[in-house]
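Open the model in your viewer and keep the selection tool at hand. This tour goes stop by stop, telling you what to select and what is there.

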Amino acid sequence: MTKPPRKPSKPLLGEADAPLRSRPRRRRDPAQPNLPLDPMPSRIEPCLALLKARPPKGDNWVFEIKWDGYRLSVHIEPTGVRILTRGGHDWTSRFPAIEQAANQLPVATAILDGEAVVLDEQGRPNFGLLQQSLGGRGGKKRSSAALFMAFDLLYFDGHDLRGSELSMRRHLLEDLVPAGGEGDIRLSEEIEADGDQLLASACEHDLEGIIAKRRDAPYTSGRLGDWVKIKCVQSDSFVIVGYERSTVARAGIGRLLLAARKGKKLVYVGGVGTGFNERNAYELREKLDGLMTTNAAVAIDRRGAIFVKPKLITEIEYRAWTDDGKLRHASYKGLREEQDNAAVFEIRETRAASDEM
């Protein structure tokens, strides 16, 4: 397979309020050598991004927008399309529009890596809207509003691409899912920009952040550092271990009590009392009432707190940590699906080490 030409980096394109677009690439030469066919994997563990405070420097890094949704892989097989969650659960029936779009791609076999998102009126991914389209945590609704933002191609027409460089995989992906498309499968475009400038622009557009990837890296499952995420606002998953009642708040939930992992234990990291709307507050209260217990899952001294079994994982947006290890300026974003296999935030020995998450 022909290797695409290396492109030099250049400044961020357009003004701050202009759409972020990558430069269209030359289509690849269709003349390809005959290679032996590789068996198609039934599932691939995803490559995960390390959290860093600042974008990496150097020409060997390329950037994309960080999408706020559910990580999925789309398998196009001779027998049809399968859509798998990060944890390997088959959610093909939950995303009929993505399944239909995958069936229409001009390829016999492929595995696309990407993120299911629902866009708000400003075209920004909104995790809460995605959850609503699926019926909330544990819901069984089929989401016709979700789009699939494809950012990698792991298998293509009988060839396993995981050992190829990212630049090669992206070259083939951009032929399969062209830039600027408006369908239900779209390309997560590479943006040629200085990382710091792009991060500032992403934050100005109220996006979650950016992803940096090594051009020459193969696709490796796990969190090894070839992909790096830099966030405008911190957003992580925590376990709900209880709540405090309120006589004025929706559904009577004044504040959720949260825990993170530290080794094999859960530790209390504070609470969250904002971000609820009427619909998700009542759904949440119903789930919490079914998990009530007299035994607290963490060491916590909150008078009047209602404790629940640590079964629900919630996505929380926050600005920072206090000196005593509690979340600052936290806001509720929604519950994570069990099948999404979300990783609960893990506390390291020092806060600085949390950058390695």
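A cavity here is a set of points, on a 1 Å grid over the protein atoms alone, where a 1.4 Å probe fits but cannot get out; lining residues have an atom within 4 Å of a point. To find the cavity, select Ile44, Pro46, Leu72, Ser73 and Thr85, the closest to its centre of the 14 lining residues. S3, S4 and S5 are the elements that each give two or more residues to this lining, and S3 has the largest share with 4 residues.

A word on what you are viewing: this is a predicted model, in which local features need pLDDT of at least 70 and side-chain atom pairs count only at pLDDT 80 or more, while totals for chains, interfaces and linings use all residues. Residues are numbered from 1 along each chain as its sequence is written, and side-chain values use heavy atoms, with hydrogens and water left out.

**Stop: strand S3**

Select residues 70–77, which make up S3; 8 of its 8 residues are buried. Buried means under 20% relative accessible area, exposed over 50%, and partly exposed in between, with a 1.4 Å probe and protein chains only. Helices (H or I, at least four residues) and strands (E, at least two) are DSSP runs, numbered from the N terminus. Which residues of S3 are buried on each side? Tyr70, Leu72, Val74 and Ile76 are on one side, with Arg71, Ser73, His75 and Glu77 on the other.

S5 (residues 110–117) runs antiparallel to S3 and is joined to it by 7 bridges, with Arg71 opposite Glu115. S4 (residues 80–85) also pairs with S3 in the antiparallel sense, over 6 bridges. Look for Val74 opposite Ile83 there, then follow the hairpin of 2 residues that joins S3 to S4.

**Stop: helix H1**

Next, select residues 96–103 for H1, and colour its buried residues Ala97, Ile98, Ala101 and Ala102. They are on the same side of H1 because they cover an arc of only 135° around the axis; the arc is that of the directions from the helix axis to the C-beta atoms. An α-helix has 3.6 residues a turn, so residues three or four places apart point the same way.

**Stop: Asp152**

Zoom in on Asp152, which lies in strand S6 (residues 147–156). Is Asp152 buried or exposed? Its relative accessibility is 0%, so Asp152 counts as buried. Show the side chain of Arg169 as well: a polar contact of 2.8 Å joins it to that of Asp152. A polar contact is a pair of N or O atoms within 3.5 Å; within protein, one must be able to donate a hydrogen and the other to accept it, and residues adjacent in sequence count only if both atoms are side-chain atoms. Not counting residues up to four places away in sequence, Asp152 touches (heavy atoms within 4.5 Å) several residues, among them Ile111, Leu166, Tyr219 and Trp227.

**Stop: helix H4**

Move on to residues 195–204, which form H4; its buried residues are Gly195, Leu198, Leu199, Ser201 and Ala202. Their arc of only 165° around the axis puts them on the same side of H4. Strands S2 (61–65), S9 (209–214) and S10 (227–231) are among what covers them. At the start of H4, a side-chain oxygen of Asp194 reaches to within 3.1 Å of the backbone nitrogen of Asp196. After H4 comes Asp206, with a positive phi near 60°.

**Last stop: strands S12 and S13**

Finish by selecting S12 (residues 253–262) and S13, which pair in the antiparallel sense over 7 bridges. Arg261 has Leu266 in S13 as its bridge partner. The hairpin of S12 and S13 has 2 residues between the strands, and Gly263 in the turn has a positive phi of about 65°. S13 (residues 265–272) has 7 of its 8 residues buried, so it is largely enclosed by the rest of the structure.

Note on methods
Pairing = 2+ DSSP bridges. 1 Å grid on protein atoms, 1.4 Å probe; cavity = no way out; pocket = protein on both sides within 12 Å on 5 of 7 lines; lining within 4 Å.
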